[in-house]
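Colleague: Could you take me through this structure, starting with its strands?

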Amino acid sequence: MSSATQWPTAYPQGYAVVDVETTGLARHDRIISAAVYRLDARGEVEDHWYTLVNPERDPGPVWIHGLTSEVLQGAPLFADIAEEFAARLDGRVLVAHNAVFDWQMIAREYARAERQAPVRQRLCTIALSKELGLPLPNHKLESLAAHFGVVQQRAHHALDDARVLAEAFRPSLRAAAAGGVRLPLLECRSLTEWSDAPVPRQSAPGYGGYRAGSWRPSRKRPACPYPNPGRYEDGKPLKQGMRVAFSGDTSTERELLEDRATECGLHVASSISRLTSLLVTNDPDSGTSKVVKARQFGTPVVDEAAFGQLLRDVEPADE
């Protein structure tokens, strides 16, 4: 990759490698620390930045991230660091390990601050490692780091995790460029409303209640207008009308994930049957009723990251 002409012209002009530590994984949880490594178009480090954030609540699993209430008490609020954080993201592709989680946490914080993060696209290093066919035993950051000989010093510390990821992303990016691999870029959609207060159940038809920290009510979706073309086949694209079910926790808000599937013309199913085209789960060995039924019926199963990639190129229904 010595010649400038060899670098894919369609690749982004800059990246923001991000890691956030949080009080938990739910929609009402908060960011307690954030780090950004800015990289240029070819993955060279330009600078880095780190901050603690006062979550205005208990810090959650201190035994994981090590940040106590005492440590966070004097830290700035997210609204206080939102501008500088945005300046480091502006015009760049957000890169993270399981990027949909980091993006959703960031998007929620900006919505609470009545602002929008200047991020248009994200790249998940899990998805990139799959595109490259890296021989990893699992999708943990430590496995990706070990593959590239990157030494972790403080796991679950945002600054060190971002450093490790930046150092692992650089050779991944070079390998992708050398092989002409299309980067698995996904669109980032900002949230435009937020409420941290509990909202009473709605009486309007088609609406259920929504929980504290929800940015919109759940609702009944219209029927899928396309016929079911059958089961998903590995290595082939999804097709409009396919019935997709979800099981277990997802990094993306479940409603947002289901909305995206609906927008692509898929039928979001609440249960598994012989007609189900695909089950999306991050834990295929969980033993949930959906996973058990999928195994009985031979329903194909993919994880959330793979499903996100499939949503990029859904085939239109037959006319």
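Colleague: In S4, which residue is the bridge partner of Val17?

Modeller: This is a predicted model, in which local features need pLDDT of at least 70 and side-chain atom pairs count only at pLDDT 80 or more, while totals for chains, interfaces and linings use all residues. Residues are numbered from 1 along each chain as its sequence is written, and side-chain values use heavy atoms, with hydrogens and water left out. Strand S1 (residues 14-22) and strand S4 (residues 93-96) pair in the parallel sense over three bridges, where pairing requires that DSSP finds at least two bridges between two strands, and strands are DSSP runs (E, at least two residues) numbered from the N terminus, as are helices (H or I, at least four). In S4, the partner of Val17 is Val95.

Colleague: Which strands stand at the edges of the sheet?

Modeller: The open sheet has six strands in the order S3-S2-S1-S4-S5-S6, with mixed pairing. Two of these strands have a single partner each, so one side of each is left without a neighbour in the sheet, and they are S3 (45-52) and S6 (185-187).

Colleague: Is Val119 buried or exposed?

Modeller: Val119 lies in the loop between helix H4 (99-112) and strand S5 (121-124). Leaving aside neighbours within four places in sequence, Val119 is in contact (heavy atoms within 4.5 Å) with Leu89, Leu94, Trp103 and Cys188. Buried means under 20% relative accessible area, exposed over 50% and partly exposed in between, with a 1.4 Å probe and protein chains only. Because its relative accessibility is 0%, Val119 counts as buried.
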